[in-house]
Amino acid sequence: MSGGAKIVVGHLFPDYLNIYADRGNMAVLESRAAWRGHQLEVLPLGAGVEIRPGVHDLFYVGGGQDREQELIAPALAEMGEALRAAVAGGAAALAVCGGYQLFGRFYRDQSGDELPGAGLLPLHTIAGERRMIGDVLLECELVPGQLRSLAGFENHAGRTYLDEGAEPLGRVLAGFGNDGESGYEGCRAGRVIGTYLHGPLLPRNPWLADWLLAQALAHRTGEASQLDPLEDELEGEAHAVSADRARSRGGRY
Ligand code: GLN
């Protein structure tokens, strides 16, 4: 592709949903796009901001405590219809932990309040007594025939239940995952990815960053796009350390 593209990212509620350095995911997307000659324009999306069709190629939302989720959930739910239309139009999305929960139908939090969701993922979440904290390792197959691993860190009270027939993001090799029982983590609905994995997630899982960038580029250019491979030596080491930690101590209360 001659001449780089400008990829537009809608960062949902960056001032409220941003724990565990989730903002670091933005930095990774920005660098990996730039290393291929593309530019990332990040637009913050807060309460009342209009989401116009076709403007955004990728949406991102991070994690947060119940308190922050309560503050923004009604406004995010109001954006649900526009977000679903944007995704139907080809945009991609990554939602992490508290953001992941609010991409479902609802999150019943630790105080028992039912927070409305944006309805982009076929699931609901109910907070439990004990928090599920620790390192996590998953096996994923976003691209049929390509088994990959995802390594990260989880800390959530929420137990997420996927609808019958919904696709999880991956199989738990170590850690709690969606509910500590199903053996699955996250959810994938086409180009929308939801996960409990913090860390931040993308620095130690560059293949997922590239998958998201390729979806966003395809939306921007109208062509399926191949990203040139990168060295990723340091990223590979970070992934290995995280994966080993998960194998040795993930999924234990
Ligand atoms: N507040 C939510 C929970 O406890 C999400 C936490 C988070 O984003 N780490 O489950």
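**Exercise 1.** In this predicted model, find which element gives the largest share of the lining of the largest pocket.

*Solution.* Start with the elements that contribute two or more residues to this lining: strand S7 (123-143), strand S8 (146-162) and helix H5 (206-221).

**Exercise 2.** Describe the space in the largest pocket and the residues around it.

*Solution.* First, the volume: the largest pocket holds about 480 Å³ of space. Second, the lining: it is made of 21 residues, and those closest to the pocket's centre are Trp 207, Asp 210, Trp 211, Ala 214 and Gln 226.

**Exercise 3.** Work out why strand S4 (residues 92-96) is largely enclosed by the rest of the structure.

*Solution.* Let's check the side chains first. In a regular strand, they alternate between the two faces of the sheet. In S4, Ala 92, Leu 94 and Val 96 point one way, while Ala 93 and Ala 95 point the other way. Now apply the cut-off: buried means under 20% relative accessible area. Five of the five residues of S4 are buried, so the strand is largely enclosed by the rest of the structure.

**Exercise 4.** Identify the strands that pair with S4, and find the partners of Leu 94.

*Solution.* Take one partner strand at a time. Strand S3 (residues 58-61) pairs with S4 in the parallel sense over four bridges, and here Tyr 60 has Leu 94 as its bridge partner. Strand S12 (residues 192-195) also pairs with S4 in the parallel sense, over four bridges. There, Leu 94 stands opposite Ile 193.

Methods:
Residues are numbered from 1 along each chain as its sequence is written. This is a predicted model: local features need pLDDT of at least 70, side-chain atom pairs count only at pLDDT 80 or more; totals for chains, interfaces and linings use all residues. Side-chain values use heavy atoms; hydrogens and water are left out. On a 1 Å grid over the protein atoms alone, a cavity is a set of points where a 1.4 Å probe fits but cannot get out, and a pocket is an open set with protein on both sides within 12 Å along at least five of seven lines; lining residues have an atom within 4 Å of a point. Grid points are joined across faces, edges and corners, and a volume is the space filled by probe spheres set on the points. Buried means under 20% relative accessible area, exposed over 50%, partly exposed in between (1.4 Å probe, protein chains only). Two strands pair if DSSP finds at least two bridges between them.
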